[in-house]
Structures are given as C-alpha cells and as structure tokens.
Amino acid sequence: MTGIAKTPEPPYYAVIFAFERTEGEKGYGIMADEMVELASAQKGFLGIESARDKDLGITISYWDSLESIKIWKEHSAHRAAQHKGKTEWYQKFSLRVCKVERHSFFEM
C-alpha cells in the first residue's frame, strides 16, 4: 500500500509507530511487507501509511476500534515480528494510540 490511506468518517483510531533501525537489513523489509499484508486482512483494519529514511521510520495504521487494535497486537505472527523488532531491528521505538475525531483531505 502506498500513498495516503482512505479512511472512513471519524471516529476511528490511529496507531503511530515511530522507530530508529539498527544497522543491516536482517530480513526486516520482507517481514515489514508481510505484516502489512497480514494486518490488511484483519477485521477492523482501515488503512496504513508509512515513510522511512535512513534514520527514522514512521508507520501509521488505522483501525475501527480499540478491540481491533488489541486483537492485531496479540496476533501470533505479529507478536513474532514484535520480538524480532526488539531483539534485532530497532535501536528505539515509540508507539502511540490515538482516537481520530476529525480529518480533512485535500487534492490539488
């Protein structure tokens, strides 16, 4: 998925994941693609936006409910990816869960 996610009218939720990577690929790109594909198939998933440069990555996933976020967090394949992130891929990361109450989209 690329570009700006097409989300429904609020309210909905955003999970903002920001990270700084360790050196080396170590299978990260393949796993990241697999997680996007898997998350996209989950009940309650609304969309995703992601951007990375050499120092910082930010991925925002959108969900219909806190329950959907919890189910995704606990998905076995996602938990395995989380473990690899903590042990191999990330120097540091932050995770924020926000309720989206208003949004605007503009196209020029």
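Student: What is the volume of the second largest pocket?
Tutor: The second largest pocket has a volume of about 150 Å³, being the space filled by probe spheres set on its grid points, which are joined across faces, edges and corners. This is a predicted model, in which local features need pLDDT of at least 70, side-chain atom pairs count only at pLDDT 80 or more, and totals for chains, interfaces and linings use all residues. Residues are numbered from 1 along each chain as its sequence is written, and side-chain values use heavy atoms, without hydrogens and water.

Student: What makes Phe105 a residue that lines the second largest pocket?
Tutor: A pocket is an open set of points on a 1 Å grid over the protein atoms alone, where a 1.4 Å probe fits, with protein on both sides within 12 Å along at least five of seven lines; a lining residue has an atom within 4 Å of a point. Phe105 is in the lining, so an atom of Phe105 meets that limit. Ile4, Ala5, Lys6, Phe106 and Glu107 also line this pocket.

Student: Which residues lie nearest the centre of the largest pocket?
Tutor: They are Phe17, Thr59, Trp72, His78 and Tyr90, among 33 lining residues. The volume of this pocket is about 840 Å³. By class, its lining has 20 nonpolar, eight polar and five charged residues.

Student: How do you know that Trp63 is in contact with Trp72?
Tutor: Contact means heavy atoms within 4.5 Å. Trp72 is one of the contacts of Trp63 beyond four places in sequence, so the two have heavy atoms within that distance.

Technical notes: Nonpolar A, V, L, I, M, F, W, Y, C, P; charged D, E, K, R; others polar.
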